[in-house]
Amino acid sequence: MKIFLIRRRYVAILAVLALIAGIFYVVTYPNSVSAAADTRQLPIYCVERDEKICSISFDAAWGNEDTQTLIDILAKYNVKTTFFVVGDWVDKYPESVKALHDAGHEIMSHSNHHDHYNSLTGDQIVADVTASNEKIAAVTGVTPTLIRCPYGEYDDHVISAIRSMDMEPIQWDVDLLTTPSNRCAAAV
């Protein structure tokens, strides 16, 4: 069995080198993260404004039993919002889509069938969004320019497919069902 003795001087030198390496890492880390973030495609989470404004949006993918009540509450407070609707929901409840649109709310896409976009090809995503947009336009007369991806799922290929259609993917900043806050955008 061999025992190695290290002089204090060498321990001090190693400690200084470790400290220098740590400082170098801390100073350069944000730049490396920033460079990596620049290459990753992200949806719009928040738009900074000078005014204090909150954007409220709703996803409509299942029932419509509260739609008129919601329209009435929003009208009472003179609030306009964006509804991200699924094409299947438009098929089932075209009268609700029309009522939301007629009340002055923005109707945008939330996909056609609420599939997991991360598992679809770019062509499948484009076909799904196109079908949803056509259904919405048939009821409202307005073709969506925004989409909220189902389940909040996205990656570079999803964002690329959506942007290839001249649309912007929108993501929530705060989910009011789980996190009450006063941040930039909220989804219910």
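Student: Which residues does Asn133 touch, not counting residues up to four places away in sequence?
Tutor: Keep in mind that this is a predicted model. Asn133 touches Ser109, Thr143, Pro144, Met165 and Met167.

Student: Where does Asn133 sit, then?
Tutor: Asn133 belongs to helix 5.

Student: Is Asn133 buried or exposed?
Tutor: Asn133 has a relative accessibility of 7%. The cut-off for buried is under 20%, so Asn133 counts as buried.

Student: Let me zoom out. What does the secondary structure come to?
Tutor: Six helices and seven strands. Read from the N terminus, the order is α-β-α-β-α-α-β-α-β-α-β-β-β.

Student: How much of the protein is buried?
Tutor: Of the 188 residues, 32% are buried.

Student: What about contacts across the sequence?
Tutor: Take contacts between residues at least 6 apart in sequence. Of those, 69% join residues at least 24 apart.

Student: On to salt bridges. How many are there in the whole structure?
Tutor: A search finds four. One of them pairs Arg148 with Asp59, with the closest N and O atoms 2.6 Å apart.

Student: Why does that pair tie together separate parts of the sequence?
Tutor: Because Arg148 is in the loop between strand 4 and helix 6, while Asp59 is in strand 1. The two parts are 89 residues apart in sequence.

Student: Are those two buried or exposed?
Tutor: Arg148 is buried, at a relative accessible area of 2%. Asp59 is partly exposed, at 30%.

Student: What does Lys135 form a salt bridge with?
Tutor: With Asp91. The closest N and O atoms are 2.8 Å apart. That pair also links distant parts of the chain: Lys135 is in helix 5 and Asp91 is in helix 3 (residues 87-92), 44 residues apart. Asp91 is partly exposed, with a relative accessible area of 46%.

Student: And Arg163, what is its partner?
Tutor: Glu168. Their closest N and O atoms are 3.1 Å apart. Arg163 is partly exposed, at 28% relative accessibility. Glu168 is partly exposed too, with a relative accessible area of 28%.

Student: Back to helices. Which residues of helix 6 are buried?
Tutor: Helix 6 covers residues 156-163, and Val158, Ile159, Ala161 and Ile162 are buried there.

Student: Why are they on the same side of helix 6?
Tutor: Because they cover an arc of only 160 degrees around the axis.

Student: What do the buried residues of helix 6 pack against?
Tutor: Helix 5 (122-140), strand 4 (146-147) and strand 5 (168-169).

Student: Last topic, rings. How many aromatic pairs does the structure hold?
Tutor: Two. One of them is Phe58 with Phe83. Their ring centres are 5.0 Å apart and their planes are at 15 degrees, so that pair is stacked.

Student: Where in the chain are those two?
Tutor: Phe58 is in strand 1 (residues 55-60) and Phe83 is in strand 2 (residues 82-85). They are 25 residues apart, and the pair links distant parts of the chain.

Student: Buried or exposed?
Tutor: Phe58 and Phe83 are both buried.

How values were computed
Residues are numbered from 1 along each chain as its sequence is written. This is a predicted model: local features need pLDDT of at least 70, side-chain atom pairs count only at pLDDT 80 or more; totals for chains, interfaces and linings use all residues. Side-chain values use heavy atoms; hydrogens and water are left out. Buried means under 20% relative accessible area, exposed over 50%, partly exposed in between (1.4 Å probe, protein chains only). Helices (H or I, at least four residues) and strands (E, at least two) are DSSP runs, numbered from the N terminus. The arc is that of the directions from the helix axis to the C-beta atoms. Contact means heavy atoms within 4.5 Å. Rings of Phe, Tyr and Trp (its six-membered ring) pair if their centres lie within 6.5 Å; planes under 30 degrees apart count as stacked, over 60 as edge-to-face and the rest as tilted. A salt bridge is a side-chain nitrogen of Lys or Arg within 4 Å of a carboxyl oxygen of Asp or Glu.
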